[in-house]
Amino acid sequence: MAGMGKTKVDSGWLAARSTDIHLTGTQLTTTHPPAGATSPWMEAVVPGTVLATLVKNKLVPDPFYGLENESILDIADAGREYYTFWFFTTFECKLSENQHVDLNFRAINYYAEVYLNGHKMVLPEGMFRRHSLDVTGMLHSDGQNLLAVLVHPPNHPGTIPPEGGQGGDHEIGKDVAAQYVEGWDWMAPIRDRNTGIWDEVSISVSGFGVLIRCHSVQPVKIVDPHLVASFFDNYKRVYLHTTTELENRSSWVADCALNIQVSTELEEGICLVEHLQTQHLSISPGARVQYSFPELFFYKPNLWWPNGMGKQSLYNVSITVEVKGHGESDSWNHPFGFRKIESHIDNATGGRLFKVNGQPIFIRGGNWILSDGLLRLSKKRYQTDIKFHADMNFNMIRCWGGGLAERPEFYHYCDIYGLLVWQEFWITGDCDGRGIPVSNPDGPLDHELFLLCARDTVKLLRNHPSLALWVGGNEQTPPPDINTALKNDLRLHPDFAVFDENGQSMEDLSPVLRDPSQYLDGTRVYIEGSMWDGFANGKGDFTDGPYEIQNPESFFKDDFYKYGFNPEVGSVGMPVAATIRATMPPEGWQIPLFKQLPNGYIEEVPNPIWEYHKYIPYSKPGFVHDQVLLYGTPKDLDDFCLKAQLVNYIQYRALLEGWTSRMWSKYTGVLIWKTQNPWTGLRGQFYDHLHDQTAGFYGCRSAAEPIHVQLNLATYFIEVVNTTSTNISNVAIEASVWDLEGTCPYYKVYDKLSVPPKKTVPIIEMEYPKSKNPKAVYFLLLKLYNKSDYGILSRNFYWLHLSGGDYKLLEPYRSKKIPLKITSKVLITGSTYEIQMHLQNTSKKPDSPNLISEDFQNTSKNNFIAGAGDGDYNKTAAVPVHGGTDKKHGIGLFQRICSRFSKAADGAGLKVVQTNGADVGVAFFLHFSVHASKKEHKEGEDTRILPVHYSDNYFSLVPGETLPITISFEVPPGITPRVTLNGWNIHGDYNVHQDG
């Protein structure tokens with residue numbers, strides 16, 4: 001007898017091109033099933049696409065490697081039949097007489113015929129709809145079942161113009177499907193247009209495990225429950241509303257007990273039941289009814305908060321239905337977060353301002369296309385993707401309209417890590433009425449299909465607390481009839497109504513249903529397009545962007561971007577050299593040519609492979625000088641990529657710091673275009689397709705801290721950002737400047753500081769480099785710390801040059817040999833490693849007599865002050881720049897770093913590595929990487945273990961400074977890991993950990 005519940009059908013799949021199979025679906029699932037992965041049959045990727053299957057079996061090259069995509073037949077040239085494929089598997093399911101089973105396809109692209117044990121069924125058109133087939137009467141009595149699925153591509157796959165373009169010839173817009181597949185300015189075309197069984201396949205068993213004397217039972221099924229929380233008395237009184245559909249498939253009245261249970265996990269394996277309620281109802285034969293539970297009351301439940309605002313508290317809600325006399329028939333459960341999301345157009349900025357649980361949240365996040373262009377989606381990959389976004393301190397992801405309605409696994413990890421999600425429907429300006437040439441002005445051909453997919457997507461995703469808003473399309477609104485229908489379907493319940501700052505309702509709230517869970521959604525705002533209603537200029541004009549390199553100080557200037565919320569602003573995204581070697585042949589390892597133009601600017605000329613992979617240059621002739629060349633002409637790929645990482649860090653830190661500098665006064669949020677690429681692209685990314693982070697990742701991580709100290713690059717004012725809801729008091733800022741000789745010509749402490757919640761406060765203008773004899777290139781270290789215990793709240797390290805200068809003096813600085821001491825401790829759980837590092841720059845400090853009192857030497861673990869005695873050392877009591885500042889000379893104090901290693905002797909469990917070096921100075925731009933230990937490896941062979949989570953990377957240490965770093969990763973079977981450290985002036989790869 002089959003167990004009740006859902007079982008994935010995710011193994012043993014085979015595939016074959018339809019034109020190679022001369023059998024019917026009936027024959028394949030009765031008399032002539034395939035014997036195994038022998039030609040023309042092959043192992044299939046399910047979930048996945050036809051092209052993913054062909055790549056897995058090496059029948060086509062990897063389309064993401066070099067120019068190999070050009071050697072794969074495009075569907076426009078090969079015809080739709082070429083990518084029409086059979087998929088076949090077997091599964092075991094033996095039912096008792098009283099059980100019922102559904103065969104579920106959570107999504108296919110684009111339509112299919114399904115054969116089960118000789119019975120034919122149809123999966124209709126549409127990439128974003130669920131299919132559930134009642135197959136109870138089709139299963140074999142012995143439990144061995146044969147399943148074949150013939151999957152057809154989209155009806156309008158389109159043709160790719162020679163010049164490429166946004167969405168090719170836009171024909172894909174006639175279908176309800178992902179539009180990016182015809183290629184974009186960041187993506188090469190996907191040759192099969194993502195044809196395949198691209199999401200989960202499962203069987204769901206419901207019913208009873210006992211025989212019923214008079215009836216052959218068809219059970220009662222739970223369908224699409226909807227959970228909604230409403231809040232009162234400043235979030236003290238909370239009510240959980242629940243509505244579900246129930247389907248009685250029997251020929252008699254079912255007397256049911258419907259149970260709902262809400263529990264929370266106290267610690268691993270121990271749960272507390274908060275509520276348990278049972279309701280009784282009768283359901284007529286063959287009926288499908290909607291039932292709403294009486295609301296459940298909670299007093300001060302743990303709230304779900306976005307990343308950076310608090311914990312992501314989740315409760316488990318389970319619903320079961322029992323039929324009188326026969327036991328449990330069906331069950332459903334889902335994690336649920338108590339939270340309320342509101343938004344309105346802010347009067348001060350014109351931008352859309354979001355609130356979560358009554359608290360305004362400054363949005364700093366990014367645009368997301370999809371995890372993988374061949375739809376090789378997995379929970380493991382999703383977890384890495386979303387954790388990376390949380391690690392960058394982002395709080396929102398925008399699911400761009402040319403990509404997917406993201407999967408429940410994506411949302412699950414957004415729930416876990418606290419990422420709000422902006423989910424768009426499948427409209428883009430390029431493919432739906434605004435492209436060049438203009439095409440599909442009325443959107444997809446089948447409007448009812450679009451709405452069916454939209455409504456089904458809402459039901460699939462609406463219980464996730466991370467889901468924040470629905471948007472009709474990217475840089476376009478849906479056709480009027482679709483837009484009107486979506487506005488009506490997604491109208492808000494009065495408890496979640498959008499009000500302006502004057503308390504006036506922003507929309508028609510009628511008709512009103514008392515219970516918000518009876519709405520399709522009712523809790524999230526619907527915005528008709530990505531540049532409407534508080535986004536960009538709010539009117540739909542093309543006022544997002546820009547999308548190329550900027551001078552870092554431009555992000556802070558008044559004239560950079562004039563609207564309150566920018567849904568897309570992008571820049572460069574060069575990965576590390578190891579990724580280039582792993583994803584391109586040697587001819588792709590050539591760095592760009594730097595072409596001097598008459599106006600003095602540089603034009604980069606990339607090699608053809610980089611150009612194919614959509615490389616975006618580090619110069620903008622006429623506006624921005626080449627930012628890589630500021631460090632000197634790169635000599636090879638490694639040099640170019642390292643210098644590009646320096647630019648990546650500065651570029652993206654400046655972008656977010658510039659926006660945050662004007663928090664609430666000019667801006668309400670920004671979303672970077674984009675955080676990653678679904679293939680091996682070379683633009684707009686913080687980690688590459690192989691899951692290795694760029695330095696821009698850590699620039700964002702620094703800039704988007706909830707509490708942050710920063711330098712305004714336009715005004716040279718030190719600013720403190722407090723995005724939390726708590727006042728920061730009794731804090732101080734330590735500012736130190738370091739030169740290339742290892743001395744500290746400027747050092748100040750600004751104390752007696754207080755920063756209100758949700759504010760960016762300018763503190764004081766940096767006097768360096770206005771002071772005498774400034775250095776052409778220098779380092780600035782800012783630390784914000786608590787005066788009470790010297791605990792660091794924010795640390796921010798800059799490398800800077802004088803106005804009109806460059807960083808070329810850093811080139812000879814590479815020859816400096818800075819000594820480091822690295823203490824590490826390794827924790828291993830199964831295949832997962834966590835390595836806790838403690839790094840110290842042990843270079844000798846210059847003499848600095850009379851700058852530290854003996855009392856402070858005894859209390860400060862850092863024991864540090866260095867100086868040139870030029871009068872730039874003092875301690876300043878600074879107040880916000882609204883008035884004057886008072887200064888007083890006093891004692892210099894460097895921030896103490898507390899580490900778990902500070903009291904540990906080198907011994908049991910600890911490993912100490914020291915690098916050679918006798919020079920004094922900053923250990924600059926250090927970065928870890930993790931590799932598989934190999935005695936020999938070929939040129940270009942990628943030995944990296946990926947992904948790796950670093951608490952920080954691409955960091956620098958001033959003389960005497962210490963910094964804790966944590967590294968975690970999973971090791972593949974049979975691999976011995978080694979951790980290496982490299983840096984601008986750390987020579988060679990230093991092994992800081994190696995097993996064995």
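How many nonpolar, polar and charged residues does the lining of the largest cavity have? I took up this question in a predicted model, and my entries follow.

**Entry 1: the largest cavity.** I looked up the cavities and found six of 30 Å³ or more in the structure. The largest holds about 130 Å³ of space. I recorded 14 residues in its lining. Nearest its centre lie Asn-307, Met-309, Arg-364, Asn-395 and Thr-723. I then sorted the lining by class, and the largest cavity has seven nonpolar, five polar and two charged residues around it.

**Entry 2: the second largest cavity.** I noted about 110 Å³ of space in the second largest cavity. Its lining consists of 14 residues, and those closest to its centre are Leu-227, Phe-336, Arg-339, Thr-523 and Arg-524.

**Entry 3: from β11 to β12.** I next followed strand β11, which spans residues 220-232. Strand β11 pairs with β12 in the antiparallel sense, and I recorded eleven bridges between them. Leu-227, listed above among the residues closest to the centre of the second largest cavity, stands opposite Thr-242 in β12. The two strands form a hairpin with four residues between them. There I noted Asp-233, which takes a positive phi near 50 degrees.

**Entry 4: the other partners of β12.** I looked up where else β12 pairs. Strand β15 (residues 288-292) runs antiparallel to β12, with five bridges between the two. Within this pairing, Leu-246 has Val-289 of β15 as its bridge partner. Strand β16 (residues 296-299) is also antiparallel to β12, and four bridges join them. Here Arg-237 stands opposite Tyr-299.

**Entry 5: burial of β12.** Is strand β12 largely enclosed or exposed? I found eleven of the twelve residues in 237-248 to be buried, so strand β12 is largely enclosed by the rest of the structure.

**Entry 6: cysteines.** I searched for disulfides and counted zero. Cys-414 is in no disulfide, as the nearest cysteine sulfur, that of Cys-399, is 7.1 Å away, whereas a disulfide needs two sulfur atoms within 2.5 Å. I then checked accessibility. Cys-414 has a relative accessible area of 0% and is therefore buried. Cys-93, at 3% relative accessibility, also counts as buried, because the cut-off for this class is under 20%.

Terms used
Residues are numbered from 1 along each chain as its sequence is written. This is a predicted model: local features need pLDDT of at least 70, side-chain atom pairs count only at pLDDT 80 or more; totals for chains, interfaces and linings use all residues. Side-chain values use heavy atoms; hydrogens and water are left out. Buried means under 20% relative accessible area, exposed over 50%, partly exposed in between (1.4 Å probe, protein chains only). Two strands pair if DSSP finds at least two bridges between them. On a 1 Å grid over the protein atoms alone, a cavity is a set of points where a 1.4 Å probe fits but cannot get out, and a pocket is an open set with protein on both sides within 12 Å along at least five of seven lines; lining residues have an atom within 4 Å of a point. Grid points are joined across faces, edges and corners, and a volume is the space filled by probe spheres set on the points. Ala, Val, Leu, Ile, Met, Phe, Trp, Tyr, Cys and Pro count as nonpolar, Asp, Glu, Lys and Arg as charged, and the others, Gly among them, as polar.
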